[in-house]
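Dear colleague,

Here is the structure I promised to pass on to you. Please have it open while you read the notes that follow.

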2 protein chains.
Amino acid sequence: MEFAYIDWLRRQTPMNPRALVGPGDDAAVLDWPAPSSCLVTTDMLMDDVDFRLDEVGPHRVGRKAMAVNLSDIAAMAGRPVAAVVAVALPRTGNTSLAEELYRGMREMADAFDTPIVGGDTNGWNGPLVISATVLGEAVGRGPVLRRGAKPGDWLLVTGPLGGSIRGKHLDFTPRVREALRLHDLVELHAMIDISDGLAADVGHICAESGCGVVLRAEDIPLSNDSRDLEQALSDGEDFELAFAVSPADGQMLLNKQPVLGITLSAIGEFVADGIWLEQASERRPMQPKGWVHEL
Amino acid sequence: MEFAYIDWLRRQTPMNPRALVGPGDDAAVLDWPAPSSCLVTTDMLMDDVDFRLDEVGPHRVGRKAMAVNLSDIAAMAGRPVAAVVAVALPRTGNTSLAEELYRGMREMADAFDTPIVGGDTNGWNGPLVISATVLGEAVGRGPVLRRGAKPGDWLLVTGPLGGSIRGKHLDFTPRVREALRLHDLVELHAMIDISDGLAADVGHICAESGCGVVLRAEDIPLSNDSRDLEQALSDGEDFELAFAVSPADGQMLLNKQPVLGITLSAIGEFVADGIWLEQASERRPMQPKGWVHEL
């Protein structure tokens, strides 16, 4: 591991004291003060696949690279601890590409007190590739997994869905604080961040939990970017959280709306099996559409 | 985070029970049983920069991607705990590319009881990119950093140097066990894995420790792949360890050679300042050559 030029940038601003690392050490050293679960997630973004560098610029790319990983920590109701980042920078770029990329990452990481503690900076003749890994720690009742939803549980989401391609997929704020607040307030039975699309991701919860779900079309909050139910069901990269709670907790969350800045919506109920969409009192089986991971 | 196809492969073989993760969870959950330091390192390898896929094949690439990260954990005298891997697979490849890549990673990771607990699998029109992150834990006296060498300390290396381009850079075994054994036996003042080249990497120790070093040309063990002092000094990717110990510990290590399978060599001494090469009783200042990180 090395940080080369980006290491110089990193030293320009103070770091979280929890990360004890020399600028040139082979690995970052993080103080892990108490027995707890360590959460690890990694995501790679590539030019012309996850973004178009010439259209959106490196700052937003850096921001997104960090945000998608923070969103995965949020989905576990974890607290982010630190990040490392590996990049392949196109030689056709210049120093400002690396700088802006880093500033974007750093801005997002700083917003969640997550020091970037190391990385690997490379140049090549290919397009920009950026791969971030974020570590987190489990808090409170422990990490929230995808398995754990039970028939009868309510399904809630943290915000409106659909049309993220118009900009939200780059500029979203990961629901880290919201997840921690919810985790503190109620027992979250299962949770996921909506990256593949609502139907597909709720399908992931069902697959892991061994149950089914009924989504109520009229209750799904539609994004102003879309206002389209089909898109709300199938568009990826909304990065809102979908989670399962007991009906009593669900009702309490709806009534009190205790999470600052967002409106929680109850959009369905877990059942024994099947994935169903209920619309105008009619229930029909749904083929989860959305992002299908390649290969 | 997702593992898609590679996740299927992962489930074919049992995992280290320390990693508690559902196949589809958003982040891996690692049990961190006691307060200790968590080590994190990341390295990215790209086709035509770090290897030529058409010449070496995906198995060796996967192996190397894991090995370079394990070597960084070794350089801190840490014990590897888990790995995550993100890949960009060329669409021109086929399923066997992903499989062989994963088998190479897995073979190396298994050799060091390091479960691959998650990842991100992508397809694209670009060349193969693979980015691994390895977590480790500090043991015994804690992590060994680059700072900590003192004038008077001896400089030792774990094996012969030079000519790694003929194959060792792909097929080396990271010195994880050797580092743990040394850490157990003596107080390691500073350590590094030789990835940039002996002179450059010992220069890194000096820079971090605020001291200098004299390398004794006649004592540097030359690899059979090179037999050339200049190459031993400047070739990168030998992935042997270079470390600083007290003269008493250095003498003991040389006499007893207590690390199974390798021959330790004392090749120099740390001094107040300067980087020097001593040859035929003549001492001359050295310009560290070797791999210079780009950008």
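In which loop of chain B does Ala77(B) lie? This is a predicted model, and in it Ala77(B) is found in the loop that runs between α2 (53-75) and β3 (78-90) of chain B. I start with this residue on account of its backbone: the phi of Ala77(B) is near 60°, a positive value in a residue other than glycine. For background, most residues other than glycine have a negative phi. Ala77(B) counts as buried, because its relative accessibility is 0% and the cut-off for buried is under 20%.

A positive phi also turns up in chain A, where Gln257(A), although not a glycine, has a value of about 40°. Gln257(A) is placed in the loop between α8 (247-256) and β10 (265-271) of chain A. With a relative accessibility of 27%, Gln257(A) counts as partly exposed, because that class covers values between the 20% limit for buried and the 50% limit for exposed.

I turn now to the contact between the two chains. Chain A contributes 65 residues to it and chain B likewise 65 residues, and between them the chains bury about 5,200 Å², of which 60% is on carbon and sulfur atoms. As for the polar side of the contact, there are four salt bridges between chain A and chain B, and 16 residue pairs are in polar contact, counting pairs with both residues at pLDDT 80 or more. One of the salt bridges joins Asp25(B) to Arg147(A), with their closest N and O atoms 3.8 Å apart.

On the side of chain A that touches chain B, several elements supply at least two residues each, among them the helices α1 (4-10) and α2 (53-75) and the strands β1 (28-32), β2 (36-46) and β3 (78-90). The largest share, ten residues, comes from β2(A). Sorted by residue type, this side of chain A divides into 38 nonpolar, 13 polar and 14 charged residues.

Which strand of chain B is joined to β2(A) by bridges? That strand is β1 of chain B (residues 28-32), which runs antiparallel to β2(A) and is joined to it by five bridges. To find the pairing in the model, you could look for Leu39(A), which stands opposite Val29(B) in β1(B).

With best wishes

How values were computed. Residues are numbered from 1 along each chain as its sequence is written. Chains are lettered from A and ligands numbered from 1 in the order in which they are written. This is a predicted model: local features need pLDDT of at least 70, side-chain atom pairs count only at pLDDT 80 or more; totals for chains, interfaces and linings use all residues. Side-chain values use heavy atoms; hydrogens and water are left out. Contact means heavy atoms within 4.5 Å. Buried area is the accessible area (1.4 Å probe) that two parts lose on being put together, summed over both. A salt bridge is a side-chain nitrogen of Lys or Arg within 4 Å of a carboxyl oxygen of Asp or Glu. A polar contact is a pair of N or O atoms within 3.5 Å; within protein, one must be able to donate a hydrogen and the other to accept it, and residues adjacent in sequence count only if both atoms are side-chain atoms. Helices (H or I, at least four residues) and strands (E, at least two) are DSSP runs, numbered from the N terminus. Ala, Val, Leu, Ile, Met, Phe, Trp, Tyr, Cys and Pro count as nonpolar, Asp, Glu, Lys and Arg as charged, and the others, Gly among them, as polar. Two strands pair if DSSP finds at least two bridges between them. Buried means under 20% relative accessible area, exposed over 50%, partly exposed in between (1.4 Å probe, protein chains only).
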